[in-house]
Amino acid sequence: MRHPEAVDRLLLVHPPLLGPAVLAPLAARLRADGASVAVPDLRAAVQDPAAGRPSAAGWAQRWAAAVGPADVVVAFSGAGIALPLLAAAASARRVVWLDAVLPPAAGTAGWPADVRERVAPLVGEDGRVADWTTWWGPGAMAELLPDPDLRAAVLAEGHRLPADLWSTAVPVPPLTAAPRYVHLSPAYDGDAGAARDRGWPVAGDGRGAHLDVTTDPARVAALLG
């Protein structure tokens, strides 16, 4: 039996394309509300240092090996594809897809076709994809993240991923933790709909912005449940 005053251990997982700074405001809000929160920097584990060329083979398994125990695992954006694997590694009781890619219920997960199509023309001669913070054109990040300090922190963690990340299948073990989907933006309408089809609770109406996780952490914290 858990002690009535026990504090849930939350693990917030950033997407492969970004670092932990994008989740720092949410982590701060959750800590202010009394939660114990970890936001590990998993960027290096997306790369394969043993490979002779840029390769993302096994990246999800390396992420799972890098996380510690947690009661609740929250995966943001692209991290959602690996959430069942991360939940199993953390022995989590609850999991939350936060405006995130939803994998199939079991087997292996592949990236959505529209994501692969978006990435294809961004691959450089070195086999790496352009830093996500440059994808949207000049001035876009200032609009997405108006606070200059937050924007600088997110930009500082930008990195270039091996192009084969988006063609690498991710194992999906059976989910034993209680699931929840938080829907922030229209880009994830399909994933939120799939969560509803599975009978999961879905919070949020999808009418906000993907980076509300950074710019409106109080609202997002409330949606996590």
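Which residue stands opposite V73 in strand 3? That residue is L11, and the pair is a handy way into this fold.

1. Before you start. This is a predicted model, in which local features need pLDDT of at least 70 and side-chain atom pairs count only at pLDDT 80 or more, while totals for chains, interfaces and linings use all residues. Residues are numbered from 1 along each chain as its sequence is written, and side-chain values use heavy atoms, with hydrogens and water left out.

2. Six strands make an open sheet with parallel pairing, in the order 2-1-3-4-7-8. Strand 2 (36-38) and strand 8 (202-203) are the edge strands, each pairing on one side only. A word on terms: helices (H or I, at least four residues) and strands (E, at least two) are DSSP runs numbered from the N terminus, and two strands pair if DSSP finds at least two bridges between them.

3. Strand 3. Strand 1 (residues 9-13) runs parallel to strand 3 and is joined to it by four bridges. Five of the five residues of strand 3 are buried, so this strand is largely enclosed by the rest of the structure. Buried means under 20% relative accessible area, exposed over 50%, and partly exposed in between (1.4 Å probe, protein chains only). V72, V74 and F76 point one way from the strand, and V73 and A75 point the other way.

4. Strand 4 and its neighbours. Strand 3 (residues 72-76) pairs with strand 4 in the parallel sense over five bridges; V73 has V95 as its bridge partner there, and V72 stands opposite R94. Strand 4 (residues 94-98) is mostly covered, with four of its five residues buried.

5. R94 has A178 as its bridge partner in strand 7. Strand 7 then pairs with strand 8 in the parallel sense over two bridges, where the bridge partner of V182 is A203.

6. The core. The largest nonpolar core has 73 residues, and those with the most contacts inside it are L26, W59, W63, V73, L98 and V213. Such a core is a set of buried Ala, Val, Leu, Ile, Met, Phe, Trp, Tyr and Cys residues joined through side-chain atoms within 4.5 Å. Leaving aside neighbours within four places in sequence, V213 is in contact (heavy atoms within 4.5 Å) with V22, L23, L26, F76, L98, L184 and V220.

7. Two serines to look at. Most residues other than glycine have a negative phi. S77, in the loop between strand 3 and helix 3, has a positive phi near 60°; S91, in the loop between helix 3 and strand 4, has a positive phi of about 55°. S77 counts as buried at 11% relative accessibility, whereas S91 counts as exposed at 59%.

8. A histidine in a loop. H159 lies between helix 6 (148-156) and strand 6 (170-172) and is buried, with a relative accessible area of 13%. The side chain of H159 reaches the backbone oxygen of P16 at 2.7 Å. Not counting residues up to four places away in sequence, H159 touches P16, L17, L18, R43, Q47 and D131.

Notes. A polar contact is a pair of N or O atoms within 3.5 Å; within protein, one must be able to donate a hydrogen and the other to accept it, and residues adjacent in sequence count only if both atoms are side-chain atoms.
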